[in-house]
Amino acid sequence: VEGEQMGNQATATRRGRKRPGSRGSDPETRRTDDHHESVRLWLRLLTCTGMIEARIRRSLMERFETTLPRFDLMAQLDRVPDGLKMSELSRRMMVTGGNVTGIVDLLEAQKLVLREPDRADRRALRVKLTAAGVREFRLMATEHERWVIEMFDELSHREKSELTRLLGKLKRHVADRQAPAA
């Protein structure tokens, strides 16, 4: 896509039209090349995220016959050995309660999780990993980590540190802009 855009811009310039984002372009086009660069960076982040996620989804299915949402739910439960309420799982995973229920139903049928009454709130159920669930998750987590490391092995330690620093800076900036006005 980037190559196509660059080619289209070059063709437009040869035909005498101004390239979008260049000085003197109409007010509806990009104001500066920096704005264009920001959009390109955002698209690059989305593309990389999508590619990495697709690889992990495919690897989880091929190696463990499971899905990323099931892995994510088990990861949440692994962090809290006493289990979590369904509503808490839903909030942590940023999905609806119905989605969580469906995933828990499947994992429970595989004997990887169990539901038990919450001691503090008898109306609620807590979901916990079974011993088999802990073993299965830890095996998946080890492979998951290896896959991620392989995908980033083209970057040096210094490049990964710098990318982490820059993305942290961006994250803080975006979070500050989302903060409610006082």
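**Helices and strands.** I counted up the chain of this predicted model and got 7 helices and 3 strands. Helices here are DSSP runs of H or I with at least four residues, strands are E runs of at least two, and both are numbered from the N terminus. Going along the sequence, I read the order as α-α-α-β-α-α-β-β-α-α.

I number residues from 1 along each chain as its sequence is written. In this predicted model, local features need pLDDT of at least 70, side-chain atom pairs count only at pLDDT 80 or more, totals for chains, interfaces and linings use all residues, and side-chain values use heavy atoms, with hydrogens and water left out.

**Whole chain.** I looked up burial next: 23% of the 182 residues count as buried. Buried means under 20% relative accessible area, exposed over 50%, and partly exposed in between (1.4 Å probe, protein chains only).

**Zooming in on α4.** Which residues of α4 are buried? In this helix, residues 86-93, I found Met86, Leu89, Ser90 and Met93 buried. Looking down the axis of α4, I see its buried residues fall within an arc of 100°, so they line one face of the helix. The arc is taken from the directions from the helix axis to the C-beta atoms.

**What covers it.** Over the buried residues of α4 I found cover that includes α3 (68-79), β1 (84-85), α5 (97-109), β2 (113-117) and β3 (125-129).

**After the helix.** Next comes Met94, and I noted its positive phi, near 60°.

Conventions
Contact means heavy atoms within 4.5 Å.
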